[in-house]
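Trainee: Hi, could you walk me through this structure? I am new to it.
Mentor: Happy to, let us look at it together.

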Amino acid sequence: MHDPTIKTPCIGVCSTGIGDAVCRGCKRFSHEVINWNSYTPEQKRAIDARLSGFLSQCVSNKLAVTDKALLQWQLKVQNVRFVAHHDEYCWVFSLLKAGAGQITDTSEFGFMVNPDFADMPLQQLRDTIDREFFILSDAHYERYIATPDLFAGAGS
């Protein structure tokens, strides 16, 4: 199987430079932003998998992909950048980032909005998903990185 090179998830909206522990743009932790170029491919894949998993979870809570092939075709036709090895829910988010305001019929793009969010404009839905993605990344950071190990040294 082809092993894709993991590119930086940076989107050029870094907030770690102003003191955020989690970037509001790419959702990486500040130490991951700083050390990205020194990471091994395996480390980059682990970060990429965490981020794409979090994003997919946030998107799939609000949208359903109904036709993956149509979605992929539309992404290519519309010249929307997407990461091919990520799942289709990450692809939908790439589409929404590129042009949520231009989509009037989601079925033409291979997805639908879940009924609980059907009245929400796609731009607002995109922003809500992005905010939840940040909250999930921040919670993960707080739980697993920022919190001291309460059991360290307990066995000694």
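Mentor: Here is a short tour, from the overall layout down to single residues.

Trainee: What should I know about the model and its numbering?
Mentor: This is a predicted model, where local features need pLDDT of at least 70 and side-chain atom pairs count only at pLDDT 80 or more, while totals for chains, interfaces and linings use all residues. Residues are numbered from 1 along each chain as its sequence is written, and side-chain values use heavy atoms, with hydrogens and water left out.

Trainee: Thanks! How many helices and strands does the protein have?
Mentor: There are five helices and two strands. Helices (H or I, at least four residues) and strands (E, at least two) are DSSP runs, numbered from the N terminus. Along the sequence, the pattern reads α-α-β-α-α-β-α.

Trainee: And what does the C-alpha trace span?
Mentor: About 60 × 35 × 30 Å along the principal axes of the protein.

Trainee: What share of the residues is buried?
Mentor: Buried residues are 38% of the 156 residues. Buried means under 20% relative accessible area, exposed over 50%, and partly exposed in between (1.4 Å probe, protein chains only).

Trainee: Now the helices. How do α3 and α4 pack?
Mentor: Two packed helices are described by the angle between their axes and the distance between the axes. Helix α3 (residues 68-77) and helix α4 (residues 88-99) pack at about 35°, with axes 10 Å apart. Those axes are lines fitted to C-alpha atoms, for helices over the stretch in contact, and angles run from 0 to 180 degrees between N-to-C directions.

Trainee: Which residues make the contact?
Mentor: From α3 they are K68, L71, Q72 and L75, and from α4 they are E88, W91, V92 and L95. They divide into five nonpolar, one polar and two charged. Here Ala, Val, Leu, Ile, Met, Phe, Trp, Tyr, Cys and Pro count as nonpolar, Asp, Glu, Lys and Arg as charged, and the others, Gly among them, as polar.

Trainee: Which residues does Q74 touch?
Mentor: Q74 lies in helix α3 and touches E108 and F109, leaving aside residues up to four places away in sequence. Q74 is buried, with a relative accessible area of 8%.

Trainee: And where does S56 lie?
Mentor: S56 is in helix α2 (residues 41-60). With 10% relative accessibility, S56 counts as buried. S56 touches D87, Y89 and C90, again not counting residues up to four places away in sequence.

Trainee: Let me ask about loops. Where is I103?
Mentor: I103 is in the loop between α4 and β2 (111-113), and it counts as buried at 10% relative accessibility. Not counting residues up to four places away in sequence, I103 touches L95, L96, F109, F111 and L122. I103 and V80 are 23 residues apart in sequence and 13 Å apart in space, C-alpha to C-alpha.

Trainee: Which value of phi does N79 have?
Mentor: N79 has a positive phi of about 55° although it is not a glycine. N79 sits in the loop between α3 and α4 and counts as exposed, at 68% relative accessibility.

Trainee: What about K27?
Mentor: K27 also has a positive phi, near 75°, and is a residue other than glycine. K27 is in the segment before α1 (30-35), and counts as buried at 0% relative accessibility.

Conventions:
Contact = heavy atoms within 4.5 Å.
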